[in-house]
Amino acid sequence: SSRFTYAVPGGPGGEVALSAASTDRYAGLLHRMVGERTDRGLAIRGRLGGDGLPFVSLARDDGWTVDVLAHGTGPADAPALLDAALAGLAPVTRQEILDMALAAPVTATYAVDGWRVVVHGTAAEDVALCLSPEAGEPVCTTAESAPSVGLTSGSLVVGGDWVVVTVTEDDRPATVETAPASLAAGWPPDFTPTELGGEQHTSGEHAVGIVQVPPEVDAVDVLVRDGSYGVGSAGYARPSG
């Protein structure tokens, strides 16, 4: 899934929020029941709560569901903005997304026990990171960023090994722990996560972690401990291939 928010040109305070998911919660059933057939799929148009923010939800014929929501725009402008956002959508590959993320400027570089970590991002958040041996070629991935808790992480395959990289904004390192391989049926009641060790390095006001995930682990969570709780969690499944 992806989510973006765009400022509306010429509309002070106006924004359009767009989210896309490869499957929706109801497998497209609601769209098939009440949706309007368009040249791009089945569309549901309305306002949140009946008279709130205008939205369009589109179940595309390729299986993706896209929701577009207008904030702070005039009622007369909103339908045209939403339709323009939907008309401008085009599928992209994972590599195209990574290329766009790597086009963002480098915001930080760290050296950790023979490894080099390079972070790309914007003033708002980190969007990609690369990991490489000091004398080797980098492997790059999109980054999960949780600015509210100062956590950035990424999942990569380096030399055939699954590696998770974490960067936090203070000297409190992130925790990488085992997670259920599938959460389709919820968190198993008998599952107890195990914290995975790895290289940790403090650089100024940042803590950088590099964790090689054991072959028997199929999924992990990345979080920052706040007392007995973990916040800013990002979950990763073992990469295929």
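Two strands are taken as paired if DSSP finds at least two bridges between them. Helices (H or I, at least four residues) and strands (E, at least two) are DSSP runs, numbered from the N terminus. The model is predicted, so local features need pLDDT of at least 70 and side-chain atom pairs count only at pLDDT 80 or more, while totals for chains, interfaces and linings use all residues. Residues are numbered from 1 along each chain as its sequence is written, and side-chain values use heavy atoms, with hydrogens and water left out.

Strand β7 (residues 106-112) runs antiparallel to β8 and is joined to β8 by six bridges. Within this pairing, H120 of β8 is the bridge partner of V106. The hairpin of β7 and β8 has two residues between the strands, and in this hairpin D113 takes a positive phi near 45°. On β9 (residues 126-133), seven bridges connect to β8, and these two strands are also antiparallel. Here G121 stands opposite D126 of β9, and the hairpin from β8 to β9 passes through four residues. Strand β8 (residues 115-121) is largely enclosed by the rest of the structure, because five of its seven residues are buried. Buried means under 20% relative accessible area, exposed over 50%, and partly exposed in between (1.4 Å probe, protein chains only).

G63 is found in the loop between β5 (54-60) and β6 (65-71). With a relative accessible area of 42%, G63 is partly exposed. G63 lies 31 Å from H120, C-alpha to C-alpha, and the two are 57 residues apart in sequence.

E205 belongs to the loop between β16 (199-203) and β17 (206-212). Its relative accessibility is 61%, so E205 counts as exposed. Not counting residues up to four places away in sequence, E205 touches T168, E169, D170 and D171, where contact means heavy atoms within 4.5 Å.

M33 is placed in helix α1 (residues 29-34). M33 also counts as exposed, because its relative accessibility is 61%. Together with Y26, L29, L30 and V34, M33 makes a nonpolar surface patch of about 550 Å².

Note on methods
Patches are made of residues with over 30% relative accessible area and no salt bridge: like charges are joined within 9 Å, nonpolar side chains (Val, Leu, Ile, Met, Phe, Trp, Tyr) within 5 Å. Accessible areas come from the Shrake-Rupley method with a 1.4 Å probe; for residues, only the protein chains shown count as cover. A salt bridge is a side-chain nitrogen of Lys or Arg within 4 Å of a carboxyl oxygen of Asp or Glu.
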